[in-house]
Amino acid sequence: MKARPHPLRGYFYIASAAFLWGISATLGRAAFTGHRLPGGVWLGTSLVASLKMIDPLILSQSRTTLSLAVLLPVLLARRGASALRVPGRDLVRFFLLGILGVAASNYLYYLAIQRTNVATAIILQCTAPVWVLLYTVVRGAQRPPVRRIAAVGFAMVGCALAVGFVGSGGFRMDVVGVMAALLAAFSFAFYNVGGHSVLARYDRWKVLLWVLVAASTFWIFVNPPWKIIAAHYGWQPWGFMLVFSLLSVLGPFSCYFAGLQHLEPTRAIVVSCLEPVFSIVLAALVLGEFLRPMQTVGIVLVLIAIVLIQLPERAARGEGLVVEPIE
């Protein structure tokens with residue numbers, strides 16, 4: 001029998017996932033731009049040059065494939081193959097979640113950045129809380145309280161300001177890029193809702209394992225192994241991709257799925273908006289990048305959104321406070 005959902009644990013897990021995503025973003029920025037890290041540690045000109053040659057598609061693929069290569073033997077050793085099996089019906093759900101959710105959101109996000117810019121890609125992907133909220137309303141799972149609508153709005157505006165959407169190039173229009181970013185938002189919303197559903201019946205490690213299997217299988221068809229071999233990457237790029245996969249996929253997704261076991265999707269996805277906040281703050285602290293006043297305002301708005309979304313809702317007739325069920 002599964003333990004009773006605990007909201008505070010859920011917020012901690014989701015915030016931890018966002019923090020790890022922030023670390024991976026900072027590491028990636030340091031590597032690809034050649035920033036000097038604290039203590040005078042330099043990544044090395046040869047490593048920086050080799051990392052700039054990594055195809056974004058291969059980087060996306062390696063994140064899931066290398067994470068699977070680390071997780072699978074550990075789970076097989078601890079649980080055995082029989083304990084990791086799932087019924088065919090649920091296996092289809094896992095593959096849909098891994099391909100249409102995790103793999104698609106990752107690929108479409110990188111495509112959006114390539115065709116537009118980082119600010120445009122992030123702000124459009126940050127519309128995901130809106131789609132999750134609309135889904136729950138249409139599905140009839142909850143009414144749209146003003147507080148929750150306000151939290152989603154604050155999160156979107158806060159992310160836009162935090163990533164420099166105002167005063168630094170702003171919105172960059174490209175039909176393919178904009179559509180890719182919006183589809184990435186749908187994919188992100190999809191695996192929040194779908195992940196919450198399957199996590200009600202399976203533990204997070206089994207869900208994460210099959211999601212990674214699905215995403216890795218998808219990438220094999222998109223980018224066959226011989227194309228990766230033809231790139232002739234050395235040990236330094238492969239070492240970076242291994243560390244990057246642990247910090248950007250295996251670690252944060254294990255935390256995120258744990259959070260979804262304790263929180264319903266709207267709350268989880270709003271808290272995930274801490275990701276750009278952590279990225280901006282870490283870049284300022286670790287890489288010495290300047291934090292603009294409007295970015296500070298954006299960070300404050302995201303924090304306000306998280307406070308609003310975690311407050312318990314009142315009953316329709318004011319009969320005290322009620323906590324929403326996990327399902």
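A crossing of two helices is called left-handed if the near helix is turned anticlockwise from the far one by less than a right angle, and right-handed if it is turned clockwise. Keep that in mind for the helix pairs below. What you see is a predicted model, in which local features need pLDDT of at least 70 and side-chain atom pairs count only at pLDDT 80 or more, while totals for chains, interfaces and linings use all residues. Residues are numbered from 1 along each chain as its sequence is written, and side-chain values use heavy atoms, with hydrogens and water left out.

Let us begin with the overall picture. The protein has 14 helices and two strands; these are DSSP runs numbered from the N terminus, with helices (H or I) of at least four residues and strands (E) of at least two. Of its 327 residues, 48% are buried. Here, buried means under 20% relative accessible area, exposed means over 50%, and partly exposed is in between, using a 1.4 Å probe and protein chains only. Contact means heavy atoms within 4.5 Å. Among contacts between residues at least 6 apart in sequence, 87% join residues at least 24 apart.

Now for the helix pairs. Two packed helices are described by the angle between their axes and the distance between the axes. The axes are lines fitted to C-alpha atoms, for helices over the stretch in contact, and the angles run from 0 to 180 degrees between N-to-C directions. Angles under 35 degrees count as roughly parallel, over 145 as roughly antiparallel, 65 to 115 as roughly perpendicular and the rest as oblique.

Start with helix H6 (residues 128-139) and helix H8, whose axes are 8 Å apart and meet at an angle of about 50 degrees. H6 and H8 are therefore oblique to each other, and H6 passes H8 in a right-handed crossing. On the H6 side you will find Ala128, Trp131, Val132 and Tyr135, which meet Ala185, Phe186, Phe188, Ala189 and Val193 of H8. By class, this contact has nine nonpolar residues, no polar and no charged ones. For these classes, Ala, Val, Leu, Ile, Met, Phe, Trp, Tyr, Cys and Pro count as nonpolar, Asp, Glu, Lys and Arg as charged, and the others, Gly among them, as polar.

H8 (residues 175-199) also packs with helix H11 (residues 235-260), at an angle of about 65 degrees and with the axes 9 Å apart. Here too, H8 passes H11 in a right-handed crossing. Phe188, Tyr191, Asn192, Gly195, His196 and Leu199 of H8 make the contact with Phe253, Tyr256, Phe257 and Leu260 of H11. These residues divide into seven nonpolar, three polar and no charged.

Next, look at helix H7 (residues 146-162) and helix H14 (residues 293-310), which pack at an angle of about 155 degrees with their axes 7 Å apart. That angle makes H7 roughly antiparallel to H14. H7 passes H14 in a left-handed crossing. Among the residues in contact are Phe154 and Leu161 of H7, and Leu301 and Ile304 of H14. By class, the contact has 16 nonpolar, three polar and two charged residues.

What lies inside? A nonpolar core is a set of buried Ala, Val, Leu, Ile, Met, Phe, Trp, Tyr and Cys residues joined through side-chain atoms within 4.5 Å. The largest has 60 residues, and those with the most contacts inside it are Tyr191, Val207, Leu209, Phe253, Tyr256 and Phe257. Leaving out residues up to four places away in sequence, Phe253 touches Trp21, Val102, Tyr191, Leu208 and Ser248. A second, separate core of 11 residues includes Leu124, Ala160, Ala181 and Ala184.

Finally, visit a few single residues. Ser105 sits in helix H4 (residues 88-115) and is buried, with a relative accessible area of 8%. Beyond residues up to four places away in sequence, Ser105 touches Gln125, Ala184, Ser187, Phe188 and Tyr191. Arg115 also lies in H4, but this arginine counts as partly exposed, at 34% relative accessibility. Although Arg115 and Gly177 are 62 residues apart in sequence, their C-alpha atoms are 4.8 Å apart in space.

In helix H9 you can find Leu212, which is buried with a relative accessible area of 1%. Leu212 and Leu71 are 141 residues apart in sequence and 9.2 Å apart in space, C-alpha to C-alpha.
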